[in-house]
Amino acid sequence: MTNKNNKKGFTIIEVVLVLAIAGLIFLMVFIALPALQRSQRNTRRRQDMARILSAFNDYQTNNNGKMPKTNAEITRFVQSYVGAKTQEADQIGNSNPACDGEQFCDPDGTPYSIVEWKYGPSTGSTTTVYGVNAVFGKAGAEHEIKYYINAKCSEEENTIEGGHGEREIAILYMLEGNSVYCGDNQ
């Protein structure tokens, strides 16, 4: 004798419950994935800034404590100490050159620019750009590595203050998510 009420299968409630759980899992992944990717890019940017700080220290050691200031010095700094290929200013024109693996680039593929900023307690920060077009990208580029001579990172988050000598340098770089990396050689 067989029982007619003994049917096999899923009820509609079980199917809806499984679909809801699967939907929640996919939603969590799609929400967390961009934040994870942004975090990975920012980690790479921090590593790149540490590389620049190390290159500045090496340059100072080999050049009697001086920092690169002219186009030629910055180009030599980039080629010799950062180990990146440079572009001639006339090749760049009004746009950034594409990264080809030999250049020092942001994780989004845009070449970095190195910009010296002067820090003065009485005048605040005033900008002086040296050799940016001969190095990575055009002046005023969004991917600027700003370096300050005679400065250090302050205890306030992501800001600089005056240092105690020409050998002290600090760099600032804008990360994704409106945060700023501040690093110094102190």
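A salt bridge is a side-chain nitrogen of Lys or Arg within 4 Å of a carboxyl oxygen of Asp or Glu. The structure described here, a predicted model, holds five salt bridges.

## Overall layout

The protein has three helices and seven strands. Along the sequence they follow the pattern α-α-α-β-β-β-β-β-β-β. Of its 186 residues, 35% count as buried.

## Helix H1 and helix H2

Helix H1 covers residues 12-62, and helix H2 covers residues 71-82. The two helices pack with their axes 10 Å apart and at an angle of about 110°. That angle makes H1 roughly perpendicular to H2, because angles of 65 to 115 degrees fall in that class. H1 passes H2 in a right-handed crossing.

Ala55 has its place in helix H1. With a relative accessibility of 2%, Ala55 counts as buried, because buried means under 20%. Ala55 and Val78 are 23 residues apart along the chain, and their C-alpha atoms are separated by 8.6 Å.

The loop between H1 and H2 contains Asn64. Its relative accessibility of 75% makes Asn64 exposed. Phi of Asn64 is near 55°, which is a positive value in a residue other than glycine.

## A nonpolar patch on the surface

Which residues form a nonpolar patch on the surface? They are Leu17, Ile21, Ile25, Val29, Leu33 and Leu36, and together they have about 540 Å² of accessible area. Ile21, one of these residues, is in helix H1. Ile21 is partly exposed, at a relative accessible area of 46%. A patch residue needs over 30% relative accessible area, and Ile21 has 46%.

## Salt bridges

Side chains of opposite charge can pair when their charged atoms come close.

| Pair | Closest N to O distance |
|---|---|
| Asp48 and Arg44 | 3.8 Å |
| Arg45 and Asp106 | 2.7 Å |

Asp48 is buried, with a relative accessible area of 7%. Arg44 counts as partly exposed, at 37% relative accessibility.

Arg45 forms a salt bridge with Asp106, and the closest N and O atoms are 2.7 Å apart. Arg45 lies in helix H1, while Asp106 lies in the loop between helix H3 (89-92) and strand S1 (113-120), so this pair ties together parts that are 61 residues apart in sequence. Both Arg45 and Asp106 are buried.

How accessible are the two partners, Glu176 and Arg45? Glu176 is partly exposed, with a relative accessible area of 27%. Arg45 is buried, with a relative accessible area of 4%. Salt bridges that share partners join Arg41, Arg45, Asp106 and Glu176 into one network.

Strand S3 covers residues 144-149 and contains Tyr148. At 4% relative accessibility, Tyr148 counts as buried. Tyr148 and Val115 are 33 residues apart in sequence, and the distance between them in space is 8.8 Å, C-alpha to C-alpha.

Asn150 is in the loop between S3 and strand S4 (151-153). Where does Asn150 fall, buried, partly exposed or exposed? Asn150 is partly exposed, with a relative accessible area of 27%. Asn150 has a positive phi of about 60° although it is not a glycine.

How values were computed: Residues numbered from 1 in each chain as written. Predicted model: local features only at pLDDT ≥ 70, side-chain atom pairs only at ≥ 80, totals over all residues. Heavy atoms only, no water. Patch = residues over 30% accessible without salt bridge, like charges linked within 9 Å, V, L, I, M, F, W, Y side chains within 5 Å. Areas by Shrake-Rupley, 256 points an atom, 1.4 Å probe, with all protein chains shown as cover. Helix = DSSP H or I, 4+ residues; strand = E, 2+ residues; numbered from the N terminus. Buried < 20%, exposed > 50% of the residue type's maximum accessible area, 1.4 Å probe, protein only. Axes fitted to C-alpha atoms, helices over the stretch in contact; angles between N-to-C directions. Parallel < 35°, antiparallel > 145°, perpendicular 65-115°, else oblique. Left-handed = near helix turned anticlockwise from the far one by under 90°.
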